[in-house]
Amino acid sequence: MPASAPATAPPPGSEPDVADVVPAPVFVDATGRRRRAIRTTAFAFIALVGAYGVAVALSFLGGPVPPNALLPIPGPPSAASGSNSTGKPDASTPHTVAAHAGSGTPTGTAPVSGLTNSPGSSQAASPSPSPSGDRRVPPGKVGKSASPGPSSGHGH
Amino acid sequence: MAGRRRAARAVPPRAHWLLVAFSLISLFGMLLIYGLVHHEVGGEGSSGPHIPVSSDQVPAAIAQGGPVIDTRGGAQRSYPALPGHIALSFDDGPDPQWTPQVLAVLAKYHVPATFFLVGGRVAQNPQLARAEVAAGNQVGIHTFTHDDLAMASEWRRSFEFSQTQSVIDAATGVSTALLRPPYSSEPDSLDNADWAALRDAGAHGYLVVLTNRDSEDWMRPGVARIVANVLPAQGTPGLLVMMHDAGGDRSQTVAALDRLIPLLKARGYTFTTVSGLIGAPSPQTPAVSSQQWRGRVLILAVQSSDFTVTALGWIILVAGVLSILRLLLLLGTARRHARRRRGPWGPPVWEPVSVIVPAYNEEAGIEATLISLLDNEHPMEIIVVDDGSTDGTSAIVRRFANDGVRLIRQPNAGKPAALNNGMANARGRIMVLLDGDTVFAPDAIHQLVQPFSDPGIGAVSGNAKVANRTGLLGRWQHIEYVVGFNLDRRFYDLAGCMPTVPGAIGAFRREALADVGGLSDSTLAEDTDLTMAIIRAGWRVVYAQDAIAWTEAPASLGQLWKQRYRWSYGTMQAMWKHRRSVFDGGGSGRLGRRGLPYLVLFQILLPLLAPLVDVFAVYGLIFGDVVKMTEVWLGFLAVQTAAGWYAFTLDRERHRVLWSLPLQQFVYRQLMYLVLIQSAVTAVIGTRLRWQRMDRQGVARALGGDRVGGLE
């Protein structure tokens, strides 16, 4: 761009007599120094941004990051102790549910830390919404579960 | 073979295309990240919660159980809230406006809470997440993009968990095992799809936190309503309260919180975090360094994308507004110009002129050129300067010797030298300069010299038109000449800052040429250089729109590229050469302060932004609102077409060809900005350029020649 090129032009208003002198073409850097400097800068820029891009890509596409906490599951006694005070045993007793028949509970599912992706688990467990007449939708469910997404209405 | 120009040495640079492609791809990547965080990219559940499906596979004990569900290691347990305890939880943050207010209320009453964070927002505001943890609150993940996990693919879920965990690791220094799925509610609202997602979350090591007390604050039902939603009717059952500190106006939430905490405390409630509510140890552990680094890169990526996309969005908006303003300015000045120039310039000028035709291998077109000149009534001498042609140019010119056409032959020295040579041998006080492939209208010379009745006018630009208007390329160039160049010239004329008298048709006063020492070959646009020099010498340069010449336009993309490369590079050279006119007074200052900024803005800077516009457009077409994009585009097109229509009317051209205007956006426009990039790079790095010359086909003769007889 003109603004960054050094003045190779003759001073304006003093154009030399065409017959004698040939002025140096505007912008031309016969030494090639400018070209080399800019080329170096450009490649450095590409390398820098490229490394950054690779890092970003790795960050986005990298494997799962499991939580570190092996959060101990509180034992039944502690939870059960609460049930006495509320008088609502149903709500306060920890429930241990037997593996749901037919739902294909992932037997090979991850250890507690959940390091593996257990490819079969969600697929097997999530029923296809299509079959038979099993479209029981609890009343009022839509309103209940509909909390707003961050995108609703307000961008930020 | 003998090069036409001395400067024929190096080839044009190429490596910068790598840089350009790289930059545009990076920009597209940033747009993708921006879109992901701002919920434009990613489809799937990001548009909202799914329509509930059957819930027959959700174990009854889970549906009827407590709000914290553990499916880790294949377990299916839920945990109730300890009676007398309350855990406040806030979803969707952090938000720069509301999160600090929520934190302030919590600090005021010295109570902890649990924040379920959206990863993208953490990346935007990592300091808020840090403040939450520093104040003794717990954090959990709420996905990266607030995606509906039930509808997400397995890969997507893993992505949502991992990215959020990473940025929380980086922002807060702790890793968390808590997860709340977006759009979740109480356990009895779970359907089969939710349940599958929950079990997947467990497989990833997360404890799923739902709620047993939805404040429904997101509906903004009023402060009193939110308070009533949370307060239990009687007793002190354990409460896991769901509220929101982002996603809209949360002033009601903040106000309700300020009322609720004292009320609940008065009832004897103990405020705790989610893990405290179920009697579990902290779900937070110190973050692993490698994960923190991953999160830092993500934060940097999100923030740099936010900044870049926002800044470029504004720049493009400003550019669009400027483009519209320019068109309005051009239409306004063209209208004024057309009115002002309706009458004669003054007493008719019949002074004999010297017509100088530089010719290098012009055997295809020179005959038509000379015939059209001889058809002109104006008294003249015609001098053809053969610049060392290797074809039959001279032989053709010699046949016109009886008509008074003089031939001067010189060794190949370039067009500026040929013109200077011709002028040195000319007798007239007015020089008409044209290219050897241009055909003049019968009254072109007479029209062209009329402005010289004003002694202050040093040069006159004629109206160059495209002779070969066949094919899309010919039509596009025809439109560009009529709309772009000629509207611009009317503006320059009124503003007193004409930067270019085209080499195809222009007239010069001998004194003006002598003042500037003739033509210089220090730039590749000797016509622009000459015109600017003449203005700087104190002469006025005007536009005679009725002096019409037809010129042969490049017929292939390759030739067009070469021509425009020379034009734009040469124009940059001339502008740089005459840059000091910015500080001059009088006419030279008008050139420097009106003409040059106009050229820099509309011929260099805005066209250089065009590739960015294209990247944004491609992104918008794939991920954005196609209807809105199309509307904006059609709006621009409508303004352009209106301007084009008016320009065609002013120039008395047939409007029909304007149908190809929308298509100009697709090949022509890209070619124009790519050639500009090439020119700018060449200028910056200082490479020598060889003269880019097109091969003449003699089309002006075939088409323009017919029109000479048919028009006017």
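Residues are numbered from 1 along each chain as its sequence is written, while chains are lettered from A and ligands numbered from 1 in the order in which they are written. Because the model is predicted, local features need pLDDT of at least 70 and side-chain atom pairs count only at pLDDT 80 or more, whereas totals for chains, interfaces and linings use all residues.

Me: Which pattern does chain A follow along the sequence?
Reply: Chain A has five helices and one strand. Helices (H or I, at least four residues) and strands (E, at least two) are DSSP runs, numbered from the N terminus. Read in order, the pattern of chain A is α-α-α-β-α-α.

Me: What percentage of the residues in chain A is buried?
Reply: A residue is buried if 20 or more other C-beta atoms lie within 10 Å of its own, exposed if 12 or fewer, and partly exposed in between, with C-beta atoms placed from the backbone. Chain A holds 156 residues, and the buried part of them is 26%.

Me: Is B:Trp476 buried or exposed?
Reply: B:Trp476 is part of helix α16 of chain B. Leaving out residues up to four places away in sequence, B:Trp476 touches B:Ser660, B:Gln664 and B:Tyr668; two residues are in contact if their C-beta atoms, placed from the backbone, lie within 7 Å. Because B:Trp476 has 24 C-beta neighbours inside 10 Å, this residue counts as buried.

Me: How are α11(B) and α20(B) oriented to each other?
Reply: Axes are lines fitted to C-alpha atoms, for helices over the stretch in contact, and angles run from 0 to 180 degrees between N-to-C directions. Helix α11 (residues 289-340) and helix α20 (residues 586-623) of chain B pack at about 125°, with axes 10 Å apart. Angles under 35 degrees count as roughly parallel, over 145 as roughly antiparallel, 65 to 115 as roughly perpendicular and the rest as oblique. The angle therefore makes α11(B) and α20(B) oblique.

Me: How many residues of the contact of α11(B) with α20(B) are nonpolar?
Reply: The residues that make this contact include B:Leu312, B:Ile315 and B:Ser323 of α11(B) and B:Phe602, B:Leu606 and B:Phe616 of α20(B). Ala, Val, Leu, Ile, Met, Phe, Trp, Tyr, Cys and Pro count as nonpolar, Asp, Glu, Lys and Arg as charged, and the others, Gly among them, as polar. One residue of the contact is polar, one is charged, and the nonpolar ones number eleven.

Me: How are α6(B) and α11(B) oriented to each other?
Reply: The axes of helix α6 (residues 154-172) of chain B and α11(B) come within 7 Å and cross at roughly 100°. Among the residues that meet are B:Gln163 and B:Asp169 in α6(B) and B:Arg294 and B:Leu298 in α11(B). The contact divides into five nonpolar, five polar and three charged residues. As for orientation, α6(B) and α11(B) are therefore roughly perpendicular.

Me: How many residues of helix α18 of chain B are buried?
Reply: Helix α18 (residues 526-536) of chain B is mostly covered. What covers its buried residues includes α14 (415-424), β18 (457-466) and α19 (557-577) of chain B. Of the eleven residues in α18(B), the number buried is eleven.

Me: Which peptide bond is cis?
Reply: B:Pro94 is placed in the loop between β3 (85-91) and α3 (98-108) of chain B. With omega near 0°, the cis peptide bond runs from B:Gly93 to B:Pro94.

Me: Is B:Arg652 buried or exposed?
Reply: B:Arg652 is not a glycine, although its phi is positive, at about 55°. The residue B:Arg652 stands in the loop between α21 (626-650) and α22 (668-685) of chain B. Because B:Arg652 has 11 other C-beta atoms within 10 Å, this residue is exposed.
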